[in-house]
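Student: I've got a model open and I'd like to talk through its pocket and one of its strands. Can we go step by step?

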Amino acid sequence: MTDLTTLSVSEMASGLRKKEFSSLEIVRQHLDKIGKQNESLNAFLEVFDDAEDSAKRADEMLIKDPEHTHMLTGIPLATKDNILIKGKIASAASKILQNHIATYDATAIKSLREHGAVFMGRTNMDEFAFGSSTEKSAFGPTHNPHAHGYVPGGTSGGSAAAVAAGLVPVALGSDTGGSIRQPASFCGVVGIKPTYGLVSRYGLIAAGSSFDQIGVLGRSIDDVEMLLASFAGHDTKDGTTIPNEERDSKIPLKKKIGVPSKFLEKGIDPEIMDALEKTKQKLVTEGYEMVAIDMPNIGYSLAAYYVLIFAEESTNLSRFDGMRYGLHKEGDTLFSEYAASRAEGFGDEVKRRVILGTYVLSAGYYDAYYRRANALRSVIFSDFKKSFDAVDAVIMPTSPVLPFKIGEKNSGPLAMYLADIFTVSPNLTGLPAISVPIGFSKNTEKALPIGMQFVGPRLSEKNLFEIGRAAIRI
Amino acid sequence: MVSNDDVRKLAELSRISLTDEEVEKLRGEIDSIISYIDVIQKVQLPETPEGTVYFESINVMREDKTPHEPGAYTDAMLSQAPRRDKNYLKVKKILG
């Protein structure tokens with residue numbers, strides 16, 4: 001029997017229709033691989049016991065009514081632990097939601113269910129999607145499949161590791177400040193954060209509501225593009241989704257890429273700088289022109305991002321009170337029950353951010369932090385907007401650092417925050433961004449993946465996929 | 001610079017109980033993070049706000065009518081409650 005775990009989604013879909021193999025065979029091979037590798041990777045927090053049943057149903061659909069099947073019918077995929085699947089635990093890798101069973105499907109899940117996709121399990125992440133390495137999970141870190149003992153990136157580290165290791169061909173993640181792109185980069189896979197409003201956030205456990213987007217990780221751009229299109233769309237349950245009639249704007253490709261040279265001057269690993277230069281050269285041979293651009297305010301994006309994200313995270317997490325759902329601790333008074341439930345249920349990074357959010361939103365500091373950071377948000381947006389008059393996309397490394405060892409950045413929280421320098425600006429501005437795998441480091445103990453990022457104008461996903469294809473074409 | 005008492009006050013507002021050890025550790029961490037994000041105080045912001053990241057977002061309204069049968073989701077929602085009494089959440093007494 002051929003190894004079905006190395007196939008792309010389109011190869012699986014085509015094989016299913018030619019009856020070369022069944023969905024049950026695909027799913028069983030992936031379950032076997034998960035069984036062998038998950039203990040050392042810790043990519044999945046739970047493997048669903050009904051995956052084979054879903055595969056059998058998909059096989060029936062493919063036999064009985066093949067014309068009404070979707071390319072995803074019978075295709076296994078993984079979902080991040082903060083996306084709700086009715087009847088399954090959704091814990092956001094937090095102790096406070098350890099036993100929380102989702103009472104409804106997220107809109108993205110509902111679409112995938114209708115397409116007949118097979119949910120294999122829920123993947124590990126940083127608790128509540130606060131972090132950049134998947135080390136902040138309440139259920140232990142995930143290992144990088146390319147280098148055991150190294151982080152897979154985060155916060156969608158479990159999804160990235162599962163895809164890279166061949167445990168699933170594609171996975172869902174969520175991206176608030178780089179949480180799809182950075183793990184995609186660290187694990188050598190493709191990851192996209194769509195335009196804010198492309199995908200419904202209904203059923204995604206909120207981290208920063210004005211930043212969060214569900215997106216996709218996969219081993220090929222074609223797979224990622226197809227999966228994203230399968231669940232993107234307007235949703236009456238999320239008032240920030242973009243109306244469908246505004247979505248088919250075709251942005252002409254100028255074949256010009258913006259290079260924010262000043263922003264890329266320092267603080268980047270030399271091997272990543274080399275990869276950036278090689279990618280630029282590669283794009284030139286593909287007929288693209290590199291254009292130096294000035295983005296005077298982008299250097300402020302990380303600080304502005306953290307002010308706003310602390311504020312939104314602390315506000316969103318106020319709903320965890322131990323009364324309506326989740327962990328509950330007994331106390332003498334209502335207040336002590338709140339405080340004890342949250343102290344017991346939240347990990348250190350979550351407590352830190354909730355308290356920092358309370359600080360920046362305090363009466364005396366609101367103007368200095370929240371209001372200023374919000375103003376900066378539109379200034380940075382305007383930097384991008386001006387650039388897009390001349391270029392299709394802006395190129396930046398996805399991460400300034402290579403994948404690091406588990407525990408290596410635990411000296412203080414700031415060190416970890418600084419690694420998000422290149423990924424936060426698309427979230428601040430609502431713009432789409434893709435990370436594509438460029439190659440591996442050469443001067444390190446183990447060969448570590450390097451990813452390159454392209455940020456485009458609103459709803460320019462098609463162009464980003466096109467540019468990504470050119471950048472990695474062999 | 002934040003003091004330990006500041007951290008305790010913030011934790012109280014955040015409804016999180018902290019040990020003395022946690023307070024001390026957080027004080028240092030909050031200081032270093034605040035001194036980093038303070039870089040935003042330096043930037044010169046324009047008088048009039050520029051384009052917004054929310055694009056032309058507008059308020060989304062729905063008809064002012066009952067969206068579903070009363071009680072349709074009650075059981076599902078209450079199934080996750082740590083303490084329940086019939087269709088009520090049970091909490092500590094809040095009035096003396």
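Student: Which residues lie nearest the centre of the largest pocket?

Tutor: Keep in mind that this is a predicted model. The lining of the largest pocket counts 42 residues, and it draws on chain A and chain B. Nearest the centre you'll find A:Y104, A:Y202, A:G203, A:K237 and B:M77.

Student: Which helix gives the largest share of the lining of that pocket?

Tutor: Two helices each supply at least two lining residues: α3 (74-78) of chain B and α4 (107-115) of chain A. The largest share is four residues, and it comes from α4(A).

Student: Now β2(A): are its faces covered or open?

Tutor: Buried means under 20% relative accessible area, and five of the five residues in β2(A), 76-80, are buried. On one side sit A:P76, A:A78 and A:K80, on the other A:L77 and A:T79. So by that cut-off, both faces are covered.

Student: Which residue of β3(A) is the bridge partner of A:A78?

Tutor: β2(A) runs parallel to β3(A), residues 118-123, with five bridges between them. The two strands also form a right-handed β-α-β unit with α4(A). Within β3(A), the partner of A:A78 is A:G121.

Key. Residues are numbered from 1 along each chain as its sequence is written. Chains are lettered from A and ligands numbered from 1 in the order in which they are written. This is a predicted model: local features need pLDDT of at least 70, side-chain atom pairs count only at pLDDT 80 or more; totals for chains, interfaces and linings use all residues. Side-chain values use heavy atoms; hydrogens and water are left out. On a 1 Å grid over the protein atoms alone, a cavity is a set of points where a 1.4 Å probe fits but cannot get out, and a pocket is an open set with protein on both sides within 12 Å along at least five of seven lines; lining residues have an atom within 4 Å of a point. Buried means under 20% relative accessible area, exposed over 50%, partly exposed in between (1.4 Å probe, protein chains only). Two strands pair if DSSP finds at least two bridges between them. A crossover is right-handed if, with the strands pointing away from the viewer, the path from the first strand over the helix to the second runs clockwise.
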